[in-house]
Amino acid sequence: MARRKKIYEGKAKILYEGPEPGTIVQYFKDDATAFNAEKKDVIDGKGVLNNRLSEFFMTGLNTIGVPTHFIRRLNMREQLVRACEIVPLEVIVRNFAAGTMSKRLGIDEGTQLPRPIVEYCYKDDSLGDPLVTEEHIAAFGWASQQDMDDILSLALRVNDYLSGLMYGVGIRLVDFKIEVGRVYDGDFQRLVVADEISPDSCRLWDIESGQKLDKDVFRRDLGSLTDAYSEVARRLGVMPKMTTVAKPTLIN
């Protein structure tokens, strides 16, 4: 099949025109970046794993009534999604202190927070995706108050789903980030979870050992990123329980 028109290329994905109006083909690259793309590498098989894992999470959210842009996986690296207008915010949910929160507030990594904390960052790579408040969001018109209520509700529902899912396979969901998009059915607008949910966008620690199973493995040079992501996929049943191959072997 001929390659369709490229719409956008980001650090981890490429978006192409979909086969039908209102759809987009999302292609997962093997590129890994950290520290606002100051650190870069190509990790063989990473895109395949993230495509399959994001399909797994998005399908689960759709099943429990949390709307997403995901339609179906097309092949090992591509999935079909609904076109949507992305709200220019990264929505971060934190259950334990880690990363920038630990640095900003002087809280030891791994400290359990008294309740899930939702933060917002303005999506702009040139600015380093700065942390913003709901006052900024309202003042600059990035989202309405109703939007923010809906975004908060979506984020917390995703947190409940992912936390329970991960706990069941011995993984602690430390934090994660999502993007939210607007889709339109005539004059009616609704918000959906967009982009991806994968170990690229979550902090995942083994409950017993504290081993990191997310992109911090790459950020902090802690070993093989593919091995870490493959372990998450294996525990969730996305990969066979017994596999010793170097490259990921995924269940269709």
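Predicted model: local features only at pLDDT ≥ 70, side-chain atom pairs only at ≥ 80, totals over all residues.

Now to the pocket. The second largest pocket has a volume of about 180 Å³. Which element gives the most to its lining? That is β10, with 4 residues. Several elements supply at least two lining residues each: β9 (89-96), β10 (112-122), α4 (145-167) and β12 (171-185). Among the residues that line the pocket are Asn95, Phe96, Gln112, Leu113, Arg115 and Pro116. The lining also includes Ser163, Tyr167, Ile171, Arg172, Leu173 and Ile207. Sorted by class, there are 7 nonpolar, 3 polar and 2 charged residues in this lining.

β9 and β10 are antiparallel partners, paired over 7 bridges. One of the pairings puts Leu89 together with Tyr122 in β10. β10 is also joined to strand β11 (residues 131-132) by 2 bridges, and these two strands run antiparallel. In that pairing, Tyr120 stands opposite Val132 of β11.

Next comes α4, the helix among the elements named above. Met166 lies in this helix. Is Met166 buried or exposed? Met166 counts as buried because its relative accessible area is 1%, and the cut-off for buried is under 20%. Leaving aside neighbours within four places in sequence, Met166 is in contact with Phe57, Ile171, Leu204, Val232 and Leu236. Ile171 from this list is a residue of the pocket lining as well. Met166 also shows how the fold brings together parts that are separated in sequence: Arg235 is 69 residues away along the chain, yet the two C-alpha atoms are separated by 9.0 Å.

Val232, one of the contacts of Met166, leads us to helix α6 (residues 225-235), where Val232 is among the buried residues. At the start of α6, a side-chain oxygen of Ser224 comes to within 3.5 Å of the backbone nitrogen of Thr226. After the helix comes Gly237, which has a positive phi, near 85 degrees.

To finish, here is a look at another set of strands for practice. Strand β3 (residues 23-28) is mostly covered, with 5 of its 6 residues buried. On one hand, β3 is joined to strand β2 (residues 13-17) by 5 bridges in the antiparallel sense, and Ile14 has Tyr27 as its bridge partner in β3. These two strands form a hairpin with 5 residues between them, and Gly22 in the turn has a positive phi of about 85 degrees. On the other hand, β3 pairs with strand β7 (residues 78-82), also antiparallel and over 5 bridges, with Val25 opposite Leu80 of β7.

Terms used:
Residues numbered from 1 in each chain as written. Heavy atoms only, no water. 1 Å grid on protein atoms, 1.4 Å probe; cavity = no way out; pocket = protein on both sides within 12 Å on 5 of 7 lines; lining within 4 Å. Points joined across faces, edges and corners; volume = space filled by probe spheres on them. Nonpolar A, V, L, I, M, F, W, Y, C, P; charged D, E, K, R; others polar. Pairing = 2+ DSSP bridges. Buried < 20%, exposed > 50% of the residue type's maximum accessible area, 1.4 Å probe, protein only. Contact = heavy atoms within 4.5 Å. Polar contact = N/O pair within 3.5 Å; in protein donor to acceptor, adjacent residues only side chain to side chain.
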